[in-house]
Amino acid sequence: MADLLSVDDALTRILTHFKRLPAESVPLAEAYLRVLAEDVIAEHDVPHFANSSMDGYALRAADVTAATKESPTHLRVTMDIPAGKAPEGTLQPGEAARIMTGAAVPDGADAVVPIEDTDATWAAGDAIALPGDVGVQKAVQAGDNVRQPGENFHAGDTVLYAGSRIRAAALGTLAGLGMAKVKVLRRPRVAIVSTGDELVAVDQPLEPGKIHDSNSYTLAALVTEIGAEPVRIPTARDELDDVRKRFREALDAKPDVILSSAGVSVGAADLVRTVLDELGKIDLWRINIRPGKPLAFGKLGKVPFFGLPGNPVSAMVTFDVFVRPALLKLLDIPDAIPTIQAVAGEDIASDGRQSYIRVTLRRENGRPTAYATGTQSSGALLSMVLADGLLIIPAGVEVARKGETFAVRVLRVLMV
Ligand code: AMP
Ligand code: MG
């Protein structure tokens, strides 16, 4: 296998061709799952005013130190502060303000006593007459039931970091800061071309010898899953002119990356290679990987190009191992594919290449245990549907023995 490039060396070479994409500004509602382009520093405290965490009465804790159920302390109710209303004036000793959850605590008050600890009987929304009276039945400490300014974070704090994915809570945090627009990295555009005379579109009948093109769907889904934008180009027939035409169409889509599938195995290779030599530059690599040995990498025009193998499982595995890290580098996210350690539940044969075995994972004796998902034919896509992960048998190992521990790349990752 000396003439085969190792998986790690191939990936290292590939990654030198990728760098972080430029930023763009998008409306907040479109920022979900995008990648932040710059750190977000809070311009104000959140919350930015002291507010009540209860429906009840704002007061001075010092006024109610002796309050008990048997012997309530009576205060004069001089203000009514619903949520969203700024308190008018300062609370004086002996006074209380009816206050709702989230409403601003007035100056002069330092605590809130919940309605349950008073003799009041109103429900939220009921009007009350002012001035009024309330019997407080329990002492409170200064600060009780008051959310202080900056409880969540303070002005000047770095709250979100460049290179992080904007998930639900981060999106809400940006909204809380009033950021109507957010600077995010541009989404990578990825053009996808299937090649092969045997391929027909999913809405066309199968003639003898034909199969439906599945790779362009699988690859488009994998691209979408990491937050990039797929552009499916119509299938190229196995003719120079048609491959040329479709590769030009791919370039016209102004992509950041172009993926083709099939046409890179021995025999078929000339077609893709010939066109790439004309329109760009290609290296055809024999990588020490199973499935997916023939992988072409190069440039179509100035655009990085991956010629993935045609077999559906090989196309997916080589995407996972080589394309995904490259796209994540465009998004400034290190290759964070979760890998766990799992015990082989049975002997699994390899051929000495670095093998990615489709496995299901079960917990046995407290440890994740891996079993192959039936046939490992690189044409059998259902084995990927069933797989929880890809167990990696390192190069040079012929059998993964039952009971030994291996790294498993976890599939079914929603998004990294
Ligand atoms: P090739 O690399 O062209 O020799 O193709 C290898 C295998 O992958 C053949 O069995 C092809 O029929 C199959 N194949 C190629 N392209 C696709 C595709 N887009 N969808 C499904 N199977 C494909
Ligand atoms: Mg072919």
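The lining of the second largest pocket draws at least three residues from each of domain 1 (7-20 + 187-330) and domain 4 (339-410). A pocket is here an open set of points on a 1 Å grid over the protein atoms alone, where a 1.4 Å probe fits, with protein on both sides within 12 Å along at least five of seven lines; lining residues have an atom within 4 Å of a point. The model is predicted, so local features need pLDDT of at least 70 and side-chain atom pairs count only at pLDDT 80 or more, while totals for chains, interfaces and linings use all residues. Residues are numbered from 1 along each chain as its sequence is written, and side-chain values use heavy atoms, with hydrogens and water left out.

The second largest pocket holds about 260 Å³ of space, a volume being the space filled by probe spheres set on grid points joined across faces, edges and corners. Its lining consists of 13 residues, and Leu222, Glu225, Met316, Leu411 and Arg412 lie nearest the centre. Two or more lining residues come from each of helix H3 (215-225), H6 and helix H7 (382-386); helices (H or I, at least four residues) and strands (E, at least two) are DSSP runs, numbered from the N terminus. H6 gives the largest share, four residues. By class, this lining has nine nonpolar, no polar and four charged residues. Ala, Val, Leu, Ile, Met, Phe, Trp, Tyr, Cys and Pro count as nonpolar, Asp, Glu, Lys and Arg as charged, and the others, Gly among them, as polar.

The largest pocket contains about 340 Å³ of space. It is lined by 25 residues, of which Ala262, Pro309, Gly310, Asn311 and Pro312 are the closest to its centre. Strand E12 (189-195), strand E14 (211-212) and H6 each contribute at least two lining residues. The lining of the largest pocket comprises eight nonpolar, 13 polar and four charged residues.

Besides domains 1 and 4, the domain assignment, which is automatic or from a database, gives domain 2 (23-47 + 151-185) and domain 3 (51-147). The C-alpha centres of domain 3 and domain 4 are 63 Å apart.

In helix H1 (residues 7-15), Val7, Ala10, Leu11 and Ile14 are buried, where buried means under 20% relative accessible area, exposed over 50% and partly exposed in between (1.4 Å probe, protein chains only). Seen down the axis of H1, these residues fall within an arc of 95°, so they line one face of the helix; the arc is that of the directions from the helix axis to the C-beta atoms. Asp8 and Thr12, on the other side of H1, are exposed. The buried residues of H1 pack against several elements, including strand E17 (280-286), helix H6 (312-330) and strand E23 (354-364), contact meaning heavy atoms within 4.5 Å.

Aspartate 242 is located in helix H4 (residues 240-252) and counts as buried at 4% relative accessibility. Residues up to four places away in sequence aside, aspartate 242 touches Thr235, Ala236 and Arg237.

Two cis peptide bonds may be described. One joins leucine 130 and proline 131, with omega about -10°; the other runs from arginine 290 to proline 291, with omega near -5°. Positive phi values occur at leucine 33, near 70°, and at asparagine 365, about 50°. Leucine 33 is partly exposed, with a relative accessible area of 22%, whereas asparagine 365 is exposed at 83%.

Conventions. Chains are lettered from A and ligands numbered from 1 in the order in which they are written.
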